[in-house]
There are 2 protein chains.
Amino acid sequence: MSAPYVAVDWGTSSFRLWLLGPDGSVLAESRGDEGMTVSAATSGFPAVLAKHLAAVEAPDRLPVVICGMAGARQGWREAGYVETPAPLAALFDAAIAFEDGARAVRILPGIAQRQAGRPDVMRGEETQLAGALSTGAGGDGLICLPGTHSKWASIADGTVTGFSTFMTGETFALFSRHSILSHTIDAAADTDPQGEAFRNAVIAGFREPQRLLNALFAIRAGGLLGVSDAKDAGATLSGLLIGQEIAGALGDRPNTAVTLVASGRMARLYDSALTACGITAGIVDADAAVRAGLFAAAQRFWGPQSKDTISA
Amino acid sequence: MSAPYVAVDWGTSSFRLWLLGPDGSVLAESRGDEGMTVSAATSGFPAVLAKHLAAVEAPDRLPVVICGMAGARQGWREAGYVETPAPLAALFDAAIAFEDGARAVRILPGIAQRQAGRPDVMRGEETQLAGALSTGAGGDGLICLPGTHSKWASIADGTVTGFSTFMTGETFALFSRHSILSHTIDAAADTDPQGEAFRNAVIAGFREPQRLLNALFAIRAGGLLGVSDAKDAGATLSGLLIGQEIAGALGDRPNTAVTLVASGRMARLYDSALTACGITAGIVDADAAVRAGLFAAAQRFWGPQSKDTISA
């Protein structure tokens, strides 16, 4: 099958490139750790892209659509932001276009929210949102994209009406590595998404978010006093943070439909956490969502089958 | 005036010694950075004490009363914990006594709470509580001792019925130094306790504690989008954390009497924060409180005027 497009998800610390077929299927993939930070500091963005294009033997003139931090100010070319309320179709119109040698490149913009008191930005997740909606998942309601900086987006009629970022993953890393809890948390112990420690902590964080900074200290004190098990400490930290995130994201809309866009371990953790809070979420695979978003963008830019592809 | 006692507050990272007169007044003081961690790792506890006793020219046989981390397992001698509900007078009875050369030494115990779901410990703050109560301040109600690990103690009839530690100060340090917010926060800018940024953040943290992890990201996003002032970032972080702490500590008792035991900048920050949340707190100086607690203990151990003093 001939490949009509190259799709790239260029994050802060990771790089993923796919050769997509005319139906959006994956024909080849190349991954690396040359995210924005490494790319900017070492060989530069064109060289990183060229290396991965070579790895999948991409034809010379195949067009490339990119989302993520390559479009940040410190990235390859700044792709700006679409402002909320942001129709997801507007992302495609606002992409920046340029040539890299003979190759057409587009970088998708992020989304910015400037409302008073709730400034927020996303870059990369907007493409997952577009992808989830293009596959028919996640209609009106909330879409949760968990991670280092979890995003919760309110969607109505294909438009991101607003969104909130929660520093959940980064906060977990800060406390488990740099705080007094680092003495208690066994970094080797993986959290069991169905385990009692995790689920109880989710419920505590959800019901009593105002006690977070106390509940965190209790992890340490419980270890000192021998009343809690050190192997549960990491799961408790994770659960408290995710439970508080869910309480904050749902706010005064506890009955909103929630779609979870996540993969692997993260999908299992958040699915279990949402269930513990009484929420049944639809689940969309995050990798499939970003590819679907990039594929929808490419079809918009270059039609269902680009000329270059046919000649390739 | 002859000095009847030596009083020592031996923290994790600080050492403070006072020669106290028969009325509890300070005759001489010696401070250093030889807290528990440094003392254990370098010259050892007896040598650190001897150095500071020499600095104030303390007579050879003057008795010494110590509170704080010198009584921890990793300290000089382990002084254990009194369990909640803990009558403050029980602290004195549970002190450990030993001789350091010809000198009588007592180390006060900490307080532990083993109730299910709320394990907690304090070591050092219990002496401030005893001191605040010995001077007639802080009757029944809540006593707040802000800091790296803020303590909120419920007091009834001279007994600590329960307490909660909030990792507020440590969390401020984690986010301002190690998180993505470190790019936004100007470490040189001191928080103005009466400033709008601080007070607004206190109210936001108090009213919407469930949005903490989102409000923290908004500090970063507001800077990226140019909608908030970088010089306010540290005050906002501080206010959000303290506001959430107050919400968690007051819980379902919003009308409880609150006494703040604090000094200097910390006293001004928490006084302003409590006021912003509609709470008028009595204030007791933290240094005076710990000295009063040590003085009350010394009187209990050795009477109002120790024999050694008289001969000194």
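Predicted model: local features only at pLDDT ≥ 70, side-chain atom pairs only at ≥ 80, totals over all residues.
Residues are numbered from 1 along each chain as its sequence is written, chains are lettered from A and ligands numbered from 1 in the order in which they are written, and side-chain values use heavy atoms, with hydrogens and water left out. Let's begin with Ala289(B): leaving out residues up to four places away in sequence, Ala289(B) touches Thr127(B), Gln128(B), Gly131(B), Ala132(B), Val261(B) and Val284(B).

**Confidence in the model**

- pLDDT is the predictor's confidence in each residue, from 0 to 100; for chain A the mean is 93, and 97% of the residues reach 70 or more.
- Residues 306–312 of chain A have a pLDDT below 50, and this stretch makes eleven contacts in the model beyond near neighbours in sequence.
- The scores for the model are ipTM 0.93 and pTM 0.94.

**Two copies of the chain**

- In general, two copies of a chain are related by a rotation about an axis and a shift along it.

- Helices (H or I, at least four residues) and strands (E, at least two) are DSSP runs, numbered from the N terminus.
- Seven of the eight residues of S13(A), residues 159–166, are buried, so this strand is largely enclosed by the rest of the structure (buried means under 20% relative accessible area, exposed over 50%, and partly exposed in between, with a 1.4 Å probe and protein chains only).
- Strand S6(A), residues 86–87, runs antiparallel to S13(A) and is joined to it by two bridges (two strands pair if DSSP finds at least two bridges between them).
- Within that pairing, Pro87(A) stands opposite Thr159(A).
- Strand S12(A), residues 150–156, is also antiparallel to S13(A), with seven bridges, and Ser150(A) has Phe166(A) as its bridge partner.
- S12(A) and S13(A) make a hairpin with two residues between them, and Asp157(A) in the turn has a positive phi of about 50°.

**Helices in chain A**

- Thr168(A) belongs to helix H5(A), residues 168–178, and counts as buried at 4% relative accessibility.
- Helix H8(A), residues 233–250, has 18 residues and should span 26 Å at 1.5 Å a residue, which agrees with the 26 Å between its end C-alpha atoms (the expected span is 1.5 Å times one less than the number of residues).
- Of the 18 residues of H8(A), 17 are buried, and the helix is followed by Gly251(A), with a positive phi near 50°.

**The open sheet in chain B**

- Six strands of chain B form an open sheet of mixed pairing, in the order S6-S13-S12-S11-S14-S15.
- S6 (86–87) and S15 (282–284) of chain B are at the edges with a single partner strand each, so one side of each has no neighbour in the sheet.
- S14(B), residues 258–261, pairs with S15(B) in the parallel sense over three bridges, and Thr259(B) has Gly282(B) as its bridge partner.

**Backbone details to look for**

- Most residues other than glycine have a negative phi, and most peptide bonds are trans.
- The bond joining Thr84(A) and Pro85(A) is cis, with omega about -5°; in chain B, the bond from Thr84(B) to Pro85(B) is also cis, with omega near -5°.
- Glu57(A) is not a glycine, yet has a positive phi of about 55°; Glu57(A) is exposed, at 69% relative accessibility.

Note on methods: Contact = heavy atoms within 4.5 Å.
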